[in-house]
Amino acid sequence: MVTIRDAGPVGDVERPPTGGGPAGEPGGRRRFAAVLRAVPVPLALVVMTALAGVVLGRVYAGPLLPQLVAGAAAGSVLVGVAARRLPSWLVAPLSVLAMAAWTGWSMRLAAARADLPGSLSEVTVDAARNGIPRLLTAMIPVEPTPDTLLVPLVATWLAGLAGTEVALRAGRVLAGYLPAVLLYAGALYVVGPNAAPAWWPTVVFVAVAALGLAGSARPRSDTAGPIPGPVPALRAAVRLRLAAGTTFGLVVVVSLVAALGPTVVAQVGGRPVDPRRYVEPPTVETLDENPLVRISGWALRPEQELLRVRTDRPASGAAASPGTSPGPADPSGGERARIRLAVLSDYDGVTWRVGATYRSAGRILPAVTPAAGSTVETVRQEITVSELSGRLLPAVATPREVSGARVAYDPLTGTLIRPEGLVPGLRYTVTSERERPDENLLSIADVPAGDSVARVLRVPDGAPEPLRRLATQLAEENGAPYARATAVEEFLAEHYRLVADAPSGHAYPNLAFFLFGPRNGGGQRGTSEQFAAAFAVLGRLTGLPTRVVVGFASPGDGPVRAGDAYAWPEVLFDQVGWVPFNPLPRPDEEPRPVEEDFRPVPEDPPPSEAPQPSVEPTVSPEPAAAPGGSADRRGVPPAVLVGGGTGGLLLIVGAVLLTLLAMRRALSRGRLRRGDPGERIAGAWREVTDALRLAGHPVGADLSATEVAERARRAVPGPAPGDPGRQDLAGIDELADLLNRVGFAPGTATGEQANHAAGVAQAYVDGLRAGRSRWRRLLWSIHPGPLRWR
């Protein structure tokens, strides 16, 4: 056997023998060894990049995210390996095309599993636009939907592409690990405190990185010839450089450990930062924050169709078991399901508010363990929105699965919203688990106490004294919590009348008038708004944790109209949960006067009722008549009396009119010029709504700002909207947008926006007034209505 060597510029290079047989075995082994040396680095990149999906998948529901991230990691690295011999400028476009194909297939798979409406392009565009905020506001566990998968998949692919190019094409393996390390750190940051520490994935990550580095080291060639030149001097220089580099690196590492070690050690046992606290979750509009005020508006239009419902009846075995009643608050004996719209837990003495924190949710919602002894009934409804506005999404309590609409969910109240808002024709399907408590446990159940329920026990300052006395009387006669709740329920049902035309309001003064006002003066009558709010406040005054719920009484199948809307209170009991009550009067019962069972006794009698000392009346003597007949009386001529009286009356009327004019102008100036920009914008809006009311076009409290702006445009007579002559209407939509901004982002309005709002309001009011008759224009500025309208 003959071995041929050629001297090269670096050393001797051995040429493999050209013969066959055993002489070719060393060359084959070298090729096999070269392949083995090329595998560790790409494999390490795939595993390290895929581990980011394992870490992030701990806050996702199901294994879909880790699987898709692993596919993206493998695909990005394999494309880089396959295109290693191509020009570097061609690798990125090829990899991006492959990423688009993998991402599109993943989007289709996730949309099909989540049962999302819309085409693939619509779903993908929506995910690209809202992927990051929805990922950081989604409820944990996060359902793998297109908008929660797009960002992790794209980030994983780009990290794999960058790492492969740096590690394989440039030969910088350690630098090629940097994208994978950043991706892994980003996954840890997004997870935050919402999962257990990722010890094992981190250990595997470090071990794989070390194995990749070890496998990338090239072994020394045993067949290489001697290196020409001064070998000892070269070796000494190499050793010197290695020693210097090692010493410098050791100094840097020790310095970093000494400087950062205590900080890192202190953070080991600490709680990670949750990035979700920096992102504002989906919010609701003003009317959705307090839908209780919409009850009176709906009651005046009972035939308005809000929803259309189709209910899949549960199996007979899922119905209430023997001995279980439909619940204390079912006004129809259990035949009509209650569709819940909102739960209001916060009360400040003026307004009940939702106060919920909504998180983006997928099709499957978090499950809640039912109370012991309760009966759970599964209800599946297909709901089509007709004329219901806002963002609150109606559903039977408590929803477990929603398809056909993207929702956000508040687990504390079990309520839903659609962040994009409700539109006519929206159809979605919701599956709920309706829980019926065991009434045998209610009579002995206690109520919780402490900080966890302080929110639903809080009684704001300023409660009227008669309200407190009534609550004390009801509590003294009934000791057990359920007995107290039943006493409040029966007292309201027996003494008050349910009407549809009662004005809206549930502040302390409104409740006091509802409970104790004279019956012939409008008191002791109201809508379900007053009944539910009065029950909740009286319950809290007796020590019961209460809240108010707004919803609809559904017939099961068919339309749900505005007349089906009502409010009911709920009380929280230990080991039972929230139990609804029904304080509404029975249709066939005449309410008894409140004075028969409760009469507020004032502490001090009013001054008019204080005893007065008896004084004998004295009789003045009659004046003696003159001898010649009647006394001589010289009076003022009648013409002077009439003229003086008329002039005085005119002066009084003029003074009153001037006073009204001055007060109206002062009111407008105060609204448009005083306060911060937000208050001035709100004042400009009040000017517009007052003007509409003066013009005979009042707007209801259940309308949104956009709907009011639409009515305002139609109220001004003249050319069609959009004509140059309608300059007074050009900014009414802008004013509505400014009002929404003030409501949802307080403190963001500027002085220029407030000045613009004032100008828009003044121009609109002038235009609306100019279209009235002469007498109505004269009376416009002195009308006392805006001074007393709330």
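At what angle do helix H19 and helix H20 pack, and how far apart are their axes? In this predicted model, H19 (residues 677–694) and H20 (residues 705–715) pack at an angle of about 50°, with their axes 11 Å apart. That angle makes H19 oblique to H20, a class left over once angles under 35 degrees (roughly parallel), over 145 (roughly antiparallel) and 65 to 115 (roughly perpendicular) are set aside. Axes are lines fitted to C-alpha atoms, for helices over the stretch in contact, and angles run from 0 to 180 degrees between N-to-C directions.

The model is predicted, with local features requiring pLDDT of at least 70 and side-chain atom pairs pLDDT 80 or more, while totals for chains, interfaces and linings use all residues. Residues are numbered from 1 along each chain as its sequence is written, and side-chain values use heavy atoms, with hydrogens and water left out.

**Helix contact**

H19 passes H20 in a left-handed crossing (the near helix is turned anticlockwise from the far one by less than a right angle). On the H19 side, Trp685, Thr689 and Leu692 meet Ala705, Val708, Ala709, Ala712 and Ala715 of H20; contact means heavy atoms within 4.5 Å. By class, this contact has 7 nonpolar residues, 1 polar residue and no charged residues.

**Sheets**

Helices (H or I, at least four residues) and strands (E, at least two) are DSSP runs numbered from the N terminus, and two strands pair if DSSP finds at least two bridges between them. An open sheet of 5 strands runs in the order S11-S14-S8-S3-S18, with antiparallel pairing. Strands S11 (399–403) and S18 (557–561) stand at its edges, each with a single partner strand, so one side of each lacks a neighbour in the sheet. The twist averages 25° from one strand to the next.

An open sheet of 4 strands has the order S7-S12-S13-S9, also with antiparallel pairing. Its edge strands, S7 (359–361) and S9 (392–393), each pair on one side only.

| Strands | Sense | Bridges |
|---|---|---|
| S8 (residues 375–385) and S14 (residues 427–436) | antiparallel | 10 bridges |
| S9 and S13 (residues 415–417) | antiparallel | 2 bridges |

Thr378 stands opposite Glu433 in S14, and Leu393 has Leu416 in S13 as its bridge partner.

**Salt bridges**

The whole structure holds 24 salt bridges (a side-chain nitrogen of Lys or Arg within 4 Å of a carboxyl oxygen of Asp or Glu). One of them joins Arg497 to Glu590, with the closest N and O atoms 2.6 Å apart. This pair links distant parts of the chain, 93 residues apart: Arg497 lies in strand S15 (residues 497–498), and Glu590 in the loop between strand S20 (577–580) and helix H18 (638–673).

Definitions and conventions:
Ala, Val, Leu, Ile, Met, Phe, Trp, Tyr, Cys and Pro count as nonpolar, Asp, Glu, Lys and Arg as charged, and the others, Gly among them, as polar.
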